[in-house]
Amino acid sequence: METAAHVHVHQLSQTVRMASEPAGLSVLLIENEQARCLVYLQGAHVASFTPNGQGNLLFMSPYSAYEKGKPFRGGIPICFPWFGKHPKRDDLYLHGLVRTKAWELREVNDIADGSTKIILATEDDECTRSIWPHRFSLQLTITVAAFLRLELQVTNADEQPISFEEAFHTYFHIGSLPDCSITGLEGCPVVDRADGNREYSQNGLVFVGGEFVRIFEHAGPVVVLHDPILGRTIRMEQENLKQVFVWNPGDEKARQNPEVLDAWKDFVCVEQVNSGKAAVVLEKGRTHQSTLQISSLPYGNLTGGHA
Ligand SMILES: O=P(O)(O)OC[C@H]1O[C@@H](O)[C@H](O)[C@@H](O)[C@@H]1O
């Protein structure tokens with residue numbers, strides 16, 4: 001099938017189409033009776049998730065470059081094998097090697113319950129080995145239902161143990177930054193990166209007014225984002241990820257970033273992470289799986305992180 005002059009669209013199943021743009025980016029358009037979702041093959045990057053009758057839960061910056069080999073700003077970047085800055089090299093992109101890599105589409109399944117499951121995969125190559133000298137394979141299973149579920153499997157294909165960082169670096173679309181709050185992080189030890197790595201213990205709700213770069217250690221399985229302006233409550237449920245990063249650049253830093261600018265008020269990143277002391281050490285031949293599931297309910301339906 002062909003639509004606009006330069007976008008080719010192929011129907012892959014009843015609920016999945018793939019559009020290829022001349023710039024070399026391909027995107028999967030998943031539309032079933034429960035939700036709609038866009039996934040770029042570059043980075044296995046989920047760019048939107050819209051459950052039926054609701055708005056998009058995710059935020060993509062209107063200023064994001066959509067270029068081959070460049071990170072997208074927004075959605076759900078998959079971070080691996082490092083999170084944040086590379087420990088030694090400032091010339092490398094933040095958040096690892098696979099965010100800018102073209103992943104391969106392995107499977108498309110329309111499930112009898114009305115959901116859709118797709119599997120994307122990538123592995124080491126000459127370029128990744130020149131930066132990170134290890135063999136690995138990654139598989140991301142994405143389930144699009146009334147919820148969005150991401151299962152990331154990292155397999156050590158090397159001859160020795162590997163150690164890596166990983167994350168789902170999710171940008172959530174919000175109505176108003178100062179009105180949102182986050183629960184489920186009460187009691188966590190916190191490191192405030194925007195305040196000289198000040199350490200404290202989280203007491204009560206988290207409010208993100210402006211610049212906010214905090215790591216919550218030993219996070220529980222459920223974190224909830226409350227958004228009274230958009231009238232919804234977003235529930236994040238994770239497995240095998242030990243930290244939660246909450247990030248927003250705030251006004252001043254955002255203005256210095258041409259891919260964020262005034263859009264900083266429209267998102268908050270709540271990221272499920274294994275980094276630093278929580279980095280994963282994986283024996284030869286073994287697979288590590290981490291999972292994130294996101295769903296949304298009307299505002300006020302979930303009162304705590306353990307709801
Ligand atoms: O690479 P992106 O998507 O612009 O995200 C960068 C940000 O990612 C966050 O996870 C970090 O805590 C920030 O320090 C960093 O600036």
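The dialogue below goes from the whole chain to single residues.

Modeller: This is a predicted model, in which local features need pLDDT of at least 70 and side-chain atom pairs count only at pLDDT 80 or more, whereas totals for chains, interfaces and linings use all residues. Residues are numbered from 1 along each chain as its sequence is written, and side-chain values use heavy atoms, with hydrogens and water left out.

Colleague: How many helices and strands are there in the protein chain?

Modeller: Helices (H or I, at least four residues) and strands (E, at least two) are DSSP runs, numbered from the N terminus. The protein chain has 2 helices and 24 strands.

Colleague: What radius of gyration does the protein chain have, and what would a compact globule have?

Modeller: The radius of gyration is taken over C-alpha atoms, and the globule rule is 2.2 Å times the number of residues to the power 0.38. For 307 residues, a compact globule would have a value near 19 Å, and the 19 Å of the protein chain agrees with this. Along the principal axes, the C-alpha atoms fill a box of roughly 55 × 50 × 40 Å.

Colleague: In what order do the 5 strands of the open sheet lie?

Modeller: Two strands pair if DSSP finds at least two bridges between them. Here the order is S1-S2-S3-S4-S5, with antiparallel pairing. Strand S1 (8–11) and strand S5 (45–51) are the edge strands, each pairing on one side only. Strand S4 (residues 35–40) is joined to S5 by 6 bridges; Cys 37, for instance, has Phe 49 in S5 as its bridge partner.

Colleague: Is Val 9 buried or exposed?

Modeller: Buried means under 20% relative accessible area, exposed over 50%, and partly exposed in between (1.4 Å probe, protein chains only). Val 9, which lies in strand S1, has a relative accessible area of 5% and therefore counts as buried. Across the protein chain, buried residues make up 54% of the 307 residues.

Colleague: How are aromatic pairs described?

Modeller: One gives the distance of the centres and the angle of the planes. Rings of Phe, Tyr and Trp (its six-membered ring) pair if their centres lie within 6.5 Å; planes under 30 degrees apart count as stacked, over 60 as edge-to-face and the rest as tilted. The whole structure holds 13 aromatic pairs. One of them, Phe 80 with Phe 164, is tilted, at 5.2 Å centre to centre and 55° between the planes. The two residues are 84 residues apart: Phe 80 is in the loop between strand S6 (78–79) and strand S7 (104–110), and Phe 164 is in strand S11 (residues 162–164). Phe 80 is buried at 0% relative accessibility, and Phe 164 is buried at 1%. Elsewhere, ring pairs link Phe 59, Tyr 171, Trp 247 and Phe 267 into a cluster.

Colleague: Which residues have the most contacts inside the largest nonpolar core?

Modeller: A nonpolar core is a set of buried Ala, Val, Leu, Ile, Met, Phe, Trp, Tyr and Cys residues joined through side-chain atoms within 4.5 Å. The largest has 70 residues, and Ile 142, Leu 148 and Leu 185 have the most contacts inside it. Strand S9 (residues 136–144) gives the most to this core, with 5 residues. A second, separate core of 8 residues includes Ala 19, Tyr 40, Ala 47 and Met 60.

Colleague: Where does Gln 272 lie?

Modeller: Gln 272 lies in strand S22 (residues 267–274) and is buried, with a relative accessible area of 1%. Contact means heavy atoms within 4.5 Å. Not counting residues up to four places away in sequence, Gln 272 touches several residues, including Glu 166, Phe 168, Met 236 and Leu 292.
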